[in-house]
Each structure stands twice: as structure tokens, then as C-alpha cells.
Amino acid sequence: MINLRIVKDMSPMSQEMRRLLNQFGYNFEPGLCPHGQTWSPNVDVYETVDAFIILAELPGIKPEDIEVVVDRRHVKITGCRNRGEAEPDCHVHHMEIGRGVFARAFRLPTAVNPEEVTAAAENGVLKIVLPKQNPGKTTVEIR
């Protein structure tokens, strides 16, 4: 199960990020990976009349290793993809798969109802549905 946490204010981002990283057992600055590399999952953010939808590619990550933190205008996704086990006595020629801690954060254009947010992972894709506080109130100005 994905860890979904509702907070009242996410403005002290750096403190929260350090807390999340420390929760996974890493005591270092955000954005650094314990394997000497950084990575960031691909994410799509789109809007419907009623909600914002976030899709994140997270193959190889267990749902219990993902945390989603939400307040009325912010979403933060953090987690860790563990280093895979290499064959004994092997020589690596090429590596592209990101490993270690990741974090993505987004500011939403309008407020959402944090208590109604849902998050689920299926086939390596995390889907977060963030129902809008005032659905249908978004206006588009055409000039």
C-alpha cells in the first residue's frame, strides 16, 4: 500500500524532504543518490473538470516504498528504487536505470480536497487522483 499523507502546509520543503529521506535510511542532502547518481521518474500531470491526475513511471518500486504527501496546493512523491543484484564476477558495460532515492514535487494551479486524494500503483505506474476543491470553477481566458 502506498503511504499517502495529508499535511496542512508544505511550505518548509527542505525540512520535509530531509525527514522523508531520513525515513528511508539516507542521511544526506536531497537530490543525491546513495549510489553516486541522481534520477527522476517521468511524470505526467493533467487536469480534468473535476480533478488533477498525476501519472509517474515507477517500475521496480514496491508500493510500500512510495510516499505521497499532499496539502491543498502541493503534491510531493518520494521513494527509493533499490540497487539490483548483479551477477557475481560480472563487469558492467552500460547502466541507465536510475536507482536510489527520488523526489518530485508539484504546485497545483487550484486547490484540491486532500482528504479525497487517492493513490494506487499498477504495472509500474503510480496514479494519483486529486479532486478539485471547486470543480468546474477553472476558467480559461482567451485573448
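Predicted model: local features only at pLDDT ≥ 70, side-chain atom pairs only at ≥ 80, totals over all residues.
1. The surroundings of R73 deserve a separate remark. Once neighbours within four places in sequence are set aside, R73 is in contact with F106, R107, L108, P109, T110 and A111; the C-alpha atoms of R73 and T110 are 6.5 Å apart, although 37 residues separate the two in sequence. A polar atom of the R73 side chain also lies 2.9 Å from the backbone oxygen of P109.

2. Two salt bridges are found in a search of the whole structure. In one of them E67 pairs with R5, with 3.4 Å between the closest N and O atoms; because E67 belongs to strand β4 and R5 to strand β1 (residues 3-6), the pair ties together parts that are 62 residues apart in sequence. E67 is buried, at a relative accessible area of 5%, whereas R5 is partly exposed at 25%.

3. A salt bridge also joins the side chains of K132 and E47, at 2.6 Å from N to O. This pair links distant parts of the chain, since K132 sits in the segment after β8 (125-131) and E47 in strand β2, 85 residues apart. K132 counts as buried at 5% relative accessibility, while E47, at 39% relative accessible area, is partly exposed.

4. Strand β2 (residues 43-47) pairs with strand β3 (residues 51-57) in the antiparallel sense over five bridges, and a hairpin of three residues joins β2 to β3. Within this pairing, V43 stands opposite A56 of β3.

Key:
Residues numbered from 1 in each chain as written. Heavy atoms only, no water. Pairing = 2+ DSSP bridges. Helix = DSSP H or I, 4+ residues; strand = E, 2+ residues; numbered from the N terminus. Contact = heavy atoms within 4.5 Å. Polar contact = N/O pair within 3.5 Å; in protein donor to acceptor, adjacent residues only side chain to side chain. Salt bridge = Lys/Arg side-chain N within 4 Å of Asp/Glu carboxyl O. Buried < 20%, exposed > 50% of the residue type's maximum accessible area, 1.4 Å probe, protein only.
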